[in-house]
Amino acid sequence: MEDWTSLKQEKENHELKEVEGPWEEKTAASPQVPDPQSSEPLEAEQAPETGPQPSKSPPWSPRSRASMVLGDLTELGALPPHSPPQQPSSTPPLTLGEQDLETPLQSDRTTSIIPNSGTLVSDPLEQPSDKRESTFHRARQLEENTFPQSQQSKSDLYGPKDPSYDTSKQKELRFDIFQEEDSNSNCDLLQLEPGASEVAPSMLEIAIQNAKAYLLRTSSKSGLNLYDHLSNVLTKMLDERPENAVDIIENISQDVKMAHFSKKLDTLQNENELLPMYEIAEMQKTLFLQGNLEGADQELEDEIAESSLPNVMESAFYFEQAGVGLGTDETYRIFLALKRLTETHPIQRCRFWGKILGIERNYIVAEVEFREGEDEEEVEEEDIAEERDNGAIEADEEEEDELPKAFYKPPPTIPKEENRTGANKYVYFVCNEPGRPWVKLPSVVPAQIVIARKIKKFFTGRLDAPILSYPPFPGNESNYLRAQIARISAGTHVSPLGFFQFGEEEGEEEEEVEGGRDSFEENPDFEGIQVMDLVESLSNWVHHVQHILPQGRCNWFNPVQKDEEEEEEEDEEKEEKGEDPDYIEQEVGPPLLTPISEDLEWQERRMPLSMPMCSDRS
Amino acid sequence: MDAESLLLSLELASGSGQGLSPDRRASLLTSLLLVKRDYRYDRVLFWGRILGIVADYYIAQGLSEDQLAPRKTLYSLNCTDWSLLPPATEETMAQTAMVKGRFMGDPSHEYEHTEIQKVNEGEKIFEEEVVVQVKEETRLVSIIDQIDQAVAIIPRGALFKTPFGPSNVNRTFEGLSLSEAKKLSSYFHFREAIDLKNKTLLEKADLDPSLDFMDSLEHDIPKAGSWSIQMERGNALVVLRSLLWPGLTFYHAPRTKNYGYIYVGTGYVGCSPGAI
């Protein structure tokens, strides 16, 4: 044992000093060739390349040879063949990488030596050593011809490299040396095999040599070669002795390779890639946590749920029957998100409106009705609008004296409908993903609806993204989203005939003057309609959202009427132009609760045929 | 999407609101298996569905061993009985380009449209109105072919080209990494390369001939916005939606073998007309 390690160290030192260690080792490792005569021609062959070195060899080689054989034998006697793992502990401390490489090599060496000594015992002197040596020569020469490059790194003839040897290349060179050892021991093996079988087909040998040269090729990427890798894997397996090694050889191979990776790089990649995934999981976890806490008092929750929270899961089930809708888990997340929305805002009624796909992100839209306490943001917005108007008027007044005024007056702006009426009956909240905070959309202005009818844009998923279009859209994406929601709701929200009826208590006279009643309530006597009736006839479905007039409002607003205050001025102007004060005919659309069979272009619509769609407003 | 992993695929692609009802799913699982057996396909893909006014067309495709060979297309109205569609030709493409509007849902429905043709009779040239009739079946074929040519996609590495020519499914494909999944260049058109042949040698230099033998998405026209690429469910799912053919959804769970595309739509290119 001691001999072995000390020898190794010594030998390595020797090799690093560029004395022809490999040669010695080679001859030493094949104990069948004890006669110096056979090694002389080899040295002679090497001489022209390495120069003045051969003189050093005689004093060194016999000793090493002797100790080597001794070492082998003692080791064989003392240790079972699979005990190499104990060796690294006594190896001299080199650099880290070297140690890693060295361990398997040693084991390799011992394994290769085992058959060596075996043959030594079985047929010690019968082998025609000369013949073997000569075949070996031939193989070597052939190999030199065919693989001049691999030869340099692999085999003994690394003399030519010596002059270029410097400190920066030290590690590389060490690596070469190890490979060399490896190849040497393997050469012995090769030598022995034909020796043992007494037949030496040289073609086979060459083929094997070629294959080995291929295995030993160093990868340009990782600096490893397959031969070392395989030996590492085998060592690891023999060390650890796993059950069913054949099943997990891929993993072992991976582990061995992973050990070579620089750890710093590894963590950097992982940390960066996984961050957003954890972030959203963290956000969504709060949804579930809240749900669990609430689940404690179930009764109270049921009461709340009936009043404000929609039964998203039930309607999702019916939608799934019809072949539309989102996935089950996403629906449930949305349900939890809606629940959180109702908990954080004074919401009387909430409904899952739908999902609008965007380019970068999507929108999940919730339709809510606030309780009596309306929020304050509305007021602020109006203030800003008024200020803007005032500013414009002031500017006009200043210029009035000197320059002629432009005849063109912008068409009167149609005011938006009050909250809780018309297109602003409901408030809409959006979020990009369940778990992210809900954002309240601003209320819609008629001009936005009018313009939105003329343009077609993809949603980006960012509420503050500008809408670039012709005609110019007044607002950013949040306004556009709100306008589209209003249009979609007005066009497509339907309920079975008879489910809703007009409210009788509210002032009907006033509304009838305006051309249609705009409030409705659930019919308590509604008994349901036969499914087949709903499927067969479109007249059994009615709109329960007010039609949006071309003006952009649900309830008619007379723009001329508004100008009565400034009537005199206008009249004068119009007389100048020679035009009659234009009378605008009131725009009328289909009243509330009109069957969808009377829709315009209803042929374009899709008739539900196979399955009845489930109205969400049940 | 692969017919064999249909349920998982539908679940993954459900973020776009496109799904199948349970009865359709069950019958697809059964009947596509029989399609594979009867027609001896190597692989059967559930392609999607085209919405008609009266009924929907459910479309499946059969692939031979060479994944890029012309695919056989089948349609069904009830997800149980499948009929083979004839391959699309340029002639039918030109004919059906005239037809607009929704599909009816009746394969034997004939669209009529009048064409003005110039007829030479001696020296005089008459303009004659000819009524051209196009069957809905041929229109279906040409739309499916157009969609396939334009937006059928597959992640890089899912197919590999063998030295003998045919391209096979890559069994060692382990999914794209997260950073790759966010790039359009990691996705290929699932058809024979067209643009690749026109590339310069310099552009081809870095390509791996066994993997990069199809056109990648990054050169699609319009360059800025023919695809929407999104990470969903945290980063566990990447979803590509075609803006050119709205309704086509491609999903891929990074680092897994789950990928596929499904088309659910009306067969309109670009924004669908007829919005109120």
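**Ground rules.** I number residues from 1 along each chain as its sequence is written, with chains lettered from A and ligands numbered from 1 in the order in which they are written. Because this is a predicted model, local features need pLDDT of at least 70 and side-chain atom pairs count only at pLDDT 80 or more, while totals for chains, interfaces and linings use all residues; side-chain values use heavy atoms, leaving out hydrogens and water.

**Confidence.** I looked up pLDDT, the predictor's confidence in each residue, from 0 to 100. Chain B averages 85, and 97% of its residues score at least 70. Over residues 272–276 of chain B the pLDDT is below 50. The model scores ipTM 0.86 and pTM 0.64.

**Secondary structure.** I found 6 helices and 14 strands in chain B. Both are DSSP runs numbered from the N terminus: helices are H or I with at least four residues, strands E with at least two.

**The sheet.** I traced an open sheet of 8 strands in chain B, in the order β4-β3-β2-β1-β14-β13-β12-β11, with mixed pairing. (Two strands pair if DSSP finds at least two bridges between them.) Which strands stand at the edges? They are β4 (83–84) and β11 (227–232) of chain B; each has a single partner strand, so one side of each is left without a neighbour in the sheet. I then checked β3 (residues 72–76) of chain B: 2 bridges join it to β4(B), and the two run antiparallel. Here B:Leu74 stands opposite B:Leu84.

**Buried residues.** I count a residue as buried under 20% relative accessible area, exposed over 50%, and partly exposed in between (1.4 Å probe, protein chains only). Buried residues make up 49% of the 276 residues in chain B.

**B:Ser167.** I found this residue in strand β9 (residues 167–169) of chain B. Is B:Ser167 buried or exposed? B:Ser167 is buried, with a relative accessible area of 1%. Leaving out residues up to four places away in sequence, B:Ser167 touches several others, including B:Glu65, B:Phe160 and B:Phe213; contact means heavy atoms within 4.5 Å.

**Cores.** A nonpolar core is a set of buried Ala, Val, Leu, Ile, Met, Phe, Trp, Tyr and Cys residues joined through side-chain atoms within 4.5 Å. The largest one has 45 residues, and those with the most contacts inside it are B:Ile50, B:Leu140 and B:Phe190. Helix α4 (residues 136–151) of chain B gives the largest share of this core, 6 residues. I also noted a second, separate core of 27 residues, which includes A:Ile451 and A:Ile548.

Methods. Two strands pair if DSSP finds at least two bridges between them.
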